[in-house]
Amino acid sequence: RCYILSNENGKIQLSLRQSRLNPKSNSKAEDVEITCIKDVKKGQLVRGYVKAITPSGVFFGLSTSLLGRILFQNVSPYFVQKHSLYEKYLPEGKLLTAKVLSVNRKEKHIELSLLPEDTGMPSVLPESLGLPRYGAEEEKREADDRKKRQELKLKTKRRRVKSEMGNAVPGYHPLSAVRDLCFVIRIAFKIHPNCCPPPCSHFPLLQEAEPKKRRICPADENDSGIEVYYREEDDDDQEEEAAKKKSQIRKPAEAPRLQVSMGFTWDEDMNAVDIPVLNQKEECSESEEEEEDPQSKLKKQTKKEKELEKQKKEKELCKLEAALMDPSRQPQSADDFDRLVLSSPNSSILWLQYMAFHLQATEIEKARAVAERALKTICFREEQEKLNVWVALLNLENMYGTEETLIKVFERAVQYNEPLKVFQHLCDIYANSEKYKQAEELYHTMLKRFRQEKSVWLKYASFLLKQGQTEATHRLLERALKALPTKEHVDVISRFAQLEFRFGDPEHAKALFESTLNSYPKRTDIWSIYMDIMIKHGSQKEVRDIFERVIHLSLAPKKMKFFFKRYLDYEKKFGTAESVLAVKRAALEYVETKSSFADT
C-alpha cells in the first residue's frame, strides 16, 4: 500500500508514511512531515536525503519540493581538498540527520549543518582518513603570528636598551659589547660583603637592562673569594647560541680565577676597567646572526611536516620505480637509454634510437659519440648489428657533416665490414639525398672494383632507369653480358627486363623476354616470371597467347600439369565458362596424346 501525492505530466509521486496510510492512528511520527519552508525552524534537527554535490556545497532534500544547502565547512570538521571524496562518502540518496543553522523565508534558503557537535551524530568522514581539522590550521596560523610578534618586540627592546646605554656613560664603550660577550664579572669580597654597595647602584641603567643572572662557578672551601656571573640571554634560540659559543665559554670547573693583590673600591673610574670590545666585523656578523636566527627558526619543519614530506618522496620514488619497470615505457632521457643499452648492448636498434634522441635535440657531437661507443660495445661476431651502426653513422655525416668527414667514416667502414655492402649502402644514401652525381661516380668505381658481381650491375641499372636514362641502361646490359660469366646471362636479362617493366619501356622488356624464351624455351622459371608480369601489366589476349604457347611445348608432364593448372585458374578468374571448358579439353587432349604415345 502507498499514498499518491500527485500525478502530473505522467509522473506519480508516492508516499509510504504511516500517517498517510493510516491517518486515524495516533502513533507519533518519527520525522515530522515538511511541506513548506514555514515548517523549518532554526536549531531544528531534520532528516533528509543527499540530492547533489556541487562546488558551492551539498544540497539536502527535506521534502519533494524543499532543498537545503550544507557548506563544505559544515559537512565535516576535517578539511578536504578534493571534493570527489565527498561523492564517495555522501552518495546521492543517503539518509542523514542535519541541523538547521538559518532560514531565509524570502529567498527560500535553508542553511544546514552535519557537524557532530550540531547533530550529535558521528562525522560523515571517518577519522581514519587522516585529514587535517579546520581549527588546527587556524591555531597553527595564530601561533606563528604570535611568535613573530614576540620576536619583533624583543628585537625592538634590545635596540632601545643599546641606544640608552650608549648615551648614558660618555667616553665609555657601548654596552652592546658586554651583551654580545654575555659576561659581566662581579668582584666581591666574601670577608666584608657589606663594605661596599653593589655595582648596580652606581649604574642604574645597567640595573634596568640587566637580565636574569645565573651563577656559573659555585664557591667551595678553596675558593679565592671571587664569584663569576654571566648574563643569561632571554631569546628563544638560547640553546642554539650556547652551542655556537661553547668554544668561547669554559666549563664551570675550568673557569679562571682572578688574583687581587691590593684593595678594591667601587669608586674607581669606569675608564680604568679594561673591558674587551668586539671589533666591528665581529659585531656586525653576530648581529646578522641574531637577525637571521628567527627566520631560520620559522623555516624549521615540524615533525608532522617532515613525515609528510618523507611519505611524499617515497611515493614519488615508488612511481619512478614502477615506470622504470614498465616494459612498454619509452625512454625519455639519456639515462633511460644508458640503462637500455646496458641491458642489451648488442642491439643496434637501441643504439640507433639513442642517436636519434640526440639528433632531435640537435646534439650532433653526442650522437657521434653514441655511434662510436656502439661500435666499441657491440660484439665482433654481430656483423649485421655493427653494419647497421656504420650505415647510421654514414647517414649522420651525410646530413650534418662535411664531405671529408663522410669519406673518412666510409673508409673506416670499408675496413671493418664487407666492402660491397658498404658501397651499396653509400650509393643508396646518395640517391635518397638526391646527390646523383656522387652516386654515379661511386657506381663507376663499383663497376671497376666489383665487375664480377651481378648485384652491382642490377643496382646501377635500377638507378639509371629511375633517372629516366633508358638508353644508358641498354648499353649497361651489353657491358654486363660481356663482364659476367655465361651462366649468369639468362638471369641478368630476365632481371633487366623486370626493371624495364617497372621503371622503363615495357615494349623493350617484352622483347627481352621473347628473345630469351626463343633461345631457352624450356626455362620454365622464365615462363612463369613472364606470365606473372604480363598478368599484371599486359592485356588478356597477350596472356592467353602466352598460355597457349606454353601448353603446346614438349615439356615434362609434371611441368605441363603446373601450367595447365595456372591456365585453368586464370580462366576461372577472368574468363567465361566456355574458356574454362576449352582449357579442360586442351588438358584432356594432352593426356590422351601422352597415353597413346605410352601405349605405342
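The model is predicted.

Start with strand 3, which covers residues 45–54. Strand 3 has two partners to look at here. One is strand 4, residues 57–61. The pairing of strand 3 with strand 4 is antiparallel and runs over 5 bridges. A hairpin of 2 residues links strand 3 to strand 4. Look for Thr54, which faces Gly57 of strand 4.

The other partner is strand 6, residues 95–104. Strand 3 and strand 6 also pair in the antiparallel sense, over 5 bridges. Here Tyr49 has Leu95 of strand 6 as its bridge partner. In a regular strand, side chains alternate between the two faces of the sheet.

Now turn to the interior. In soluble globular proteins, nonpolar side chains tend to be buried together. The largest nonpolar core in this model holds 85 residues. Met446 and Leu476 have the most contacts inside that core. Leaving aside residues up to four places away in sequence, Leu476 touches Leu447, Trp457, Tyr460, Ala461, Leu464 and Phe496.

Finish with the cysteines. How many disulfides does the count come to? The count is 0 disulfides, with a cut-off of 2.5 Å between cysteine sulfur atoms. Is Cys427 buried or exposed? Cys427 is buried, because its relative accessible area is 1% and buried means under 20%. Cys379 has a relative accessible area of 25%, so Cys379 counts as partly exposed.

Technical notes. Residues are numbered from 1 along each chain as its sequence is written. This is a predicted model: local features need pLDDT of at least 70, side-chain atom pairs count only at pLDDT 80 or more; totals for chains, interfaces and linings use all residues. Side-chain values use heavy atoms; hydrogens and water are left out. Buried means under 20% relative accessible area, exposed over 50%, partly exposed in between (1.4 Å probe, protein chains only). A nonpolar core is a set of buried Ala, Val, Leu, Ile, Met, Phe, Trp, Tyr and Cys residues joined through side-chain atoms within 4.5 Å. Contact means heavy atoms within 4.5 Å. Two strands pair if DSSP finds at least two bridges between them. Helices (H or I, at least four residues) and strands (E, at least two) are DSSP runs, numbered from the N terminus.
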